[in-house]
Every structure is written in C-alpha cells, then in structure tokens.
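Here's a quick tour of a two-chain model. Have the sequence and the 3D view open while you read.

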Amino acid sequence: MEQSKQLIGIKEYIAIVLLMVGTKVTDNTPSILFEYIKNAGWMAPIINGLITIIPIYLLIKVFTNYKGKSLVEVSDHLFGKFFSFIILLTILLVAFVAVIVDTAIYTDIIGTMYFTKTPTIIIYGILMLVCAYGATRGFEQIGSVAWTVFPYLQVSLFLALILTIGQGNAAFLFPILGDGAWDVVKESSLRLSIYADFLYLFLFYPYIKSVKVFKKGTWLALMFIIINISITMVCYIFLFDYKTIMQLNYPYHEVIRTISLGFIINMEAFFLPFWLIASFVRFSIYLYINAILLGHLFKIKHFEYLIPSLATLVVFIGMIPENPTFIIFDIKEKLLLIATPLFFLLPFLMWLIAKLKGEFKHANKRDIR
Amino acid sequence: MLIKEILGKFILIPALLLILSGCWDQQEVEELTFVIAIGIDKVEDNENSVRITYLISNPEAGSSAQSGGSQEPPREIISFVADDFISSRNMANTVIAKQITYDLLRMIIISEDFARDENFIRWIYDATKSMEIKRDIKLLVTKEETATFFQNNKPLLETRPHEYFEKILATGNEMGNIPESQLYQFFRITEADADLFLGIYGTTIKDENSQSGENPQQITAGEFDFQGESNVTEFLGSAVFKEAKMIDTLTIEETRIAILLNPSLKPGYFIGTIPDPFDEKYRIAFRMDNASPLEFNMKLTSGTPTIDVTVPLLLEVLSNHSMTDYHKDKEKRNKLKESIEDNLNNKFNDFVKKTQEEYKSEPFGWSLLARKKFSTISDWEDFDWMKTYPDMKINVTAQVKLGKFGRQSDLPRIEEIRD
C-alpha cells in the first residue's frame, strides 16, 4: 500500500484533530480532571488550551521554515541523528503507552457499560481489528472518514448536551472556583498533556495541503476542542454535581444513561454507535502515528505493514492488567503528568536550537538533507 | 477485479452483521423477564441480608398483541431473602423461568422500617454498581413491608403494573401530592451532605383512626379516608431522608410547600384551601402557581446568616361558599388577598421553623443558592450548611396575585335569594 500523494484539506484535518482530542471528553479524562480540580474541572480545558498556544505557536514557527518536512525529519535536522533518535523514541514510547492505556479504557467502557458478558479479549480484539484496518488505509482515508462522520458525531453530542442541560441545574457549578484559583491553575497545567496530541499532529505536516491550511486548521481545531470539552464538562456538572462526578468512572456514559427524551428512556442505545465510530477513528490515527514513528526510527519504509502487528501487540499488552479500572486509571494519571513536560519543553527546545542555528534567518525555501 | 470486489463485500457484510448482534450479550426480548420494581425490606434477625421483592410485569397482558384468549395475569410477585438485590437475580431464576433483567426497572421501593435503618445506605449504593440500573429511576418508601405492599396493590383499571406506576407517580407529582424522588437526586443530596431528600411515600394499609375529612391537607399516606371500589394503594406525602436515613414523613401540604419553596423545581398546579376571611365556617379553594421565579436575599458571611425568600404566586379562586361579592368590591378582594398571604406566610414560616428545629436541615435545595456566595469549596465546607442552617434567620413572604375567579366570576347574593 503505497501512500497516495493526494493531500488533505482543512475540513478533513480539523475533523481528524477533533476526533483525536475531542473524544477524550467521553472517556475518563474528565473524571481525572474533576478528581483534582473538583467542580472547577471544566476550566482545565480552557486554562490548558491557553497555555497550549505557546508550544503550538513555537512549533508552527519552526515548521514553516521547512516546507514539507514532518516532525521526525525536522527533529533529525535540529538535534542530530543521535539525540533525535532518543527524543523520537521517547515520543514513540509515550504514544504507544497512550494507545495501550486508552484502548484498554475504551474496552473497559464497552465491557462494563454495554456488553457485560462478552469476554474482554473479544471486545479488545474487534476494537483493534477495526482500528488497524482503518489505519492501514492511510492518512487520507482516515481524514475523509473523519470528515464524513464528524457532523453526525457533533450533532449527537449536542443532542446529549441539550437534553442534559434541560435536566440539570446550573447551581451545581458553584462555588465557582473549586479549591481556589491558584489550585485550579496549578492542577490543570500539570495535566497539560491532555492536548499533547497536538505535538503528534506535526508528523502529518507533509500530508496537509498547504502551510496555511495547517496553521489555520490547527488553531481552529484547538478553539473547537476547548469549547467542546469545557461545555461538555460543564454539562456533566449540571447533571451530577461535583461530589457525585468525582466518583463516576465514565461520566459521558452515565450521562447518556440518565437523560431521557420524552417517552424514550433508554437513550444510550442511540448514542453508543456514534461514540464507537468516533473511537474507531481516534485509535486508527493513534495506530498510524505509532507506525510512522516506528517506521522512521528503524528505517522501515512501508510502515503501514507494521500496523497489524502493532495492533496485536496493543491487545496483548492491554490485556495484562487484571483490573483495568484501577491499574489503567493509575497509569493514565501518571502518563498525563509525565507527558506534560515533554509536550511543553520539546517545542521550546526545537525553537531554541533553530534560533541558535540561525535557521530563521535563512530563506524559507531552504531544503534540509 | 469487479467480481472480487463484489464477492469481498458479500463476505464482509454478513461478517459485520455477526459482530453487530453482540455475540455473548445477545438477548432475546422473548427470553427475558422484566422487573419493574424492586422492593427491599429488613430481615428481622439477620443484619447482613435483606428481603427482596420483585414486581415483574407481563408485557403481553392487556396489549393488543395478546395472543387469542390468553388469560395470563399482568404481573408476578416474588419475595425472598438474599444478600443484596444484585445477586438476588440468580436466586429468583430458581422459580422464574426466563432470565431476569433490570433493563426496564423504574422503581426501587423500600419499607419504612428499612429506610430508617442505619445500614440502608450500604444496600442502596448497589444501584450504582449494576450496569443495567439507570440513575433516573424513582425511590419510594412504603409504610408496610414492600412484599405486602405489592400484594395489596391491585389496580382495577391500569392492571399492567409499569403503566399504573408511571401514571400514578406522574399525576401525583403534578398535583403536588408527592415529590419527584429520583435516585440520582438521592445520591447527589446524600453526597453533598447539605440538604434533605424527599422520597415518595406510599402505603396500601389504611389508618383506621384517621379522619381525613377534618383536614384534608394535613394527611400522609394511609390517612386518606375513602370508600368505594378501587385500589387500596395511596401515594401521599413524602419520606424525609437526612444523610441517607429516613427521619420523618411530610404531609401533603408540607410536601407542596417543599416543592413551592424549591427554586430548582417547577411546581405543577397545586390546589389548596384556606378559611374564608368573610365567613370562618367555610373554606375557599384556590389553585396556585409560581408566577415568577423565587427571589432570594441571602446574607451568609457576616453575623447571623439571614435568608429572605419572596414567593410570587398566582392564585385562582375556585370556590366561594360565603358568596361574597368580590366582583364589585375592590376592598373585599384586597382583604381576601391579605388573608391568603397571611395564611400562606404562616404555613411557610411554620414549616421552615419545623425544618430548622426538628430536621436541622432543609428540603428546599437552598444550599445550592448559598454555594454561589462562596468562591472556593473549602470556604463552603467550612461554613457547614447543615450546622448553620438551624440558627439562621429565615423569613418567607408570599406575594399573591389574584388571577381569575373561576369561569363565572360573580355569584348571586345569598341575602337576596333568602329574603
């Protein structure tokens, strides 16, 4: 499967980013935020979003210097072969652990909330099978699928939110500052890596139609994501109040089980398929990212062939913890903390080195390697 | 190539269909037994077990899909001792042929005896563990054992139990006879540890000593005295829960006040009566409705905390037994208005005082408004609403607007007729 050279446009790009990052609001990421920031948890996506502007701005600044080069190539150029290998390996490890942790959590959601009797390995296997298939189709295909399904997903989320607001109570947002303003900022910024996916987006830099599309798409996507995640989290508080929500594992799934539309009381059957499709797209992209990095690090040209084996590996590693609700949650919390400095400092480092090397002074049309 | 593609699709689509059915979790509706309500009772000499009662609905009974001449009853009741209401499912299947599911569970019913028990909280939280139980189901409290309650409850017309309960609870809530009482509200209020939760109170056992005719507003379940040929079940008033333990019951009037004074609830049309200011012998019936949102003025942080509540009400006068001439006389209308306001103010403030003195907390959800006055959770927790509430200075004022005086607003003068 050779990569087609058809580049993707702004719609597909934004859809991909929204599905990659925005879907996080439906797993246990909000629970982690609520647990530490209590009822001000909904501010975390906004605060983090504002902080995220800095690394993204720096990265875009660096990348506009190198036309058509992705994160791996730029990193090789800036850090030199040896250091670049180490940095990229770290990024790969984080990405790989993230895939394992998140797929394990999604499997747990499906297993505990919907298909209680189905063995975990079957759910996990089917989930990864679909995602691996999606990933092998290539980035352009994922993009067009993402754009096709995106409007439906957004509409279904909005329907859920409207119903939630109708049945909720705005007074639950108060006391507005949670544990106090400083605590909110501190605890949120420690978990900045909820947006770490943006770093990985720079792997796709050469696939995007133009620099302008990439820039505009990234900023727009960031804005949409901030709005989406924080409004959804506000709605969770509206329905449950902070004491309850701190104890829920998967707030989105509790929400869609609680709300009802007139006489239709089992709404979750309606929302589940949309959520599943979003998860498939999300993990297809994740697998693809892993394959790109792995392919580059070990000089494997046709990295698409790695995806099935990667997916298999994910299933087997993800199956190891016998109690996903506790162990995986714990790993995810730690991963969020560990990935934060990486996500924040790497762009700084890249920008600094580029600056010291005097890259910005040269003409934009320079060619590396 | 084309053939290969078509063939590929033909193989792929059935393969996908196989996945769709859910394999292990495949359930045939025909092979399930739907539990509509679970009753939980205390077992006398065993603290670690509970008596579980299932009310099982027969989906075929009474529907047009009923196969010719089937005489199956609309419901089935089974009651037994179990460790909890999760594991009890398997035990019930020793008697019941089809697999038991909580997919359509709409109510959890607790006997008063169990609700007043310290350990009640341990069992009710099982509902958050099971994946089938939804959070918007109702929580009911019965005066008697729930098994007795289910057996006595024989609705004559709406014989299908799911239909009966849905209808009677919705109507009762609309009329203000019973509170809303959803399970997730129970959990929320218990966890927030500031307010009181009101559960629906019901019974099938009539209180023989009660004379509801004397004061129809001051009764709770079992005290409504009626004759005739109908179901014996009454849903009336509410069960008060404090920190997940039942502490008291509210009468129909108190339940209405609790709903009226709660800013987050939308009261239906409440009908009540007050003594006629022009002739104490008679009572005036009126229908009230919140005219606009409640107004609150809270001063919590400095000195003695005070709360001023204004309740704007729109009243429709429905009866006029003293046959007073309101139509022409503005003075009389004002007097009526004042006397209604006085009467309501007394009732509101008496009830608030009762909650302060007896319950030491309130069922009005006011703590949610109070939270707005604090900027951080630690400030709010230090304030300790439940501890401060009994000492607060609270003043509730009704602001009555007189609406219509019935369909025909004027009546003949009794003096003119009997002259």
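## Where the chains meet

Chain B puts 26 residues in contact with 28 residues of chain A, contact being C-beta atoms, placed from the backbone, within 7 Å. On the chain B side, the elements giving two or more residues are helix H7 (183-192), helix H10 (366-371) and helix H11 (377-383). H7(B) has the largest share, with five residues. Helices here are DSSP runs (H or I, at least four residues) and strands likewise (E, at least two), numbered from the N terminus.

By class, that side of chain B splits into 12 nonpolar, five polar and nine charged residues. For the classes, Ala, Val, Leu, Ile, Met, Phe, Trp, Tyr, Cys and Pro are nonpolar, Asp, Glu, Lys and Arg are charged, and the others, Gly among them, are polar.

A word on the ground rules: this is a predicted model, where local features need pLDDT of at least 70 and side-chain atom pairs count only at pLDDT 80 or more, while totals for chains, interfaces and linings use all residues. Residues are numbered from 1 along each chain as its sequence is written, and chains are lettered from A and ligands numbered from 1 in the order in which they are written.

## Chain A overall

Chain A has 13 helices and zero strands. Its radius of gyration is 20 Å, close to the 21 Å that the globule rule gives for 369 residues, so chain A is as compact as a globular protein of that length. The radius is taken over C-alpha atoms, and the rule is 2.2 Å times the number of residues to the power 0.38. Along its principal axes, the C-alpha trace of chain A spans about 65 × 45 × 35 Å.

## A helix pair in chain A

Helix H4 (residues 71-114) and helix H13 (residues 324-356) of chain A pack at an angle of about 150°, their axes 10 Å apart. That makes H4(A) roughly antiparallel to H13(A), a label for angles over 145 degrees. Axes are lines fitted to C-alpha atoms over the stretch in contact, with angles from 0 to 180 degrees between N-to-C directions.

Among the residues that meet are A:Leu78, A:Phe79 and A:Val94 in H4(A), and A:Ile328, A:Leu335 and A:Met350 in H13(A). This contact has 17 nonpolar, two polar and two charged residues.

## Two domains in chain B

Chain B divides into domain 1 (28-62 + 72-252) and domain 2 (261-419), with bounds from an automatic or database domain assignment. Their C-alpha centres lie 31 Å apart, and the contact takes 14 residues from domain 1 and 14 residues from domain 2.

Key. Parallel < 35°, antiparallel > 145°, perpendicular 65-115°, else oblique. Contact = placed C-beta atoms within 7 Å.
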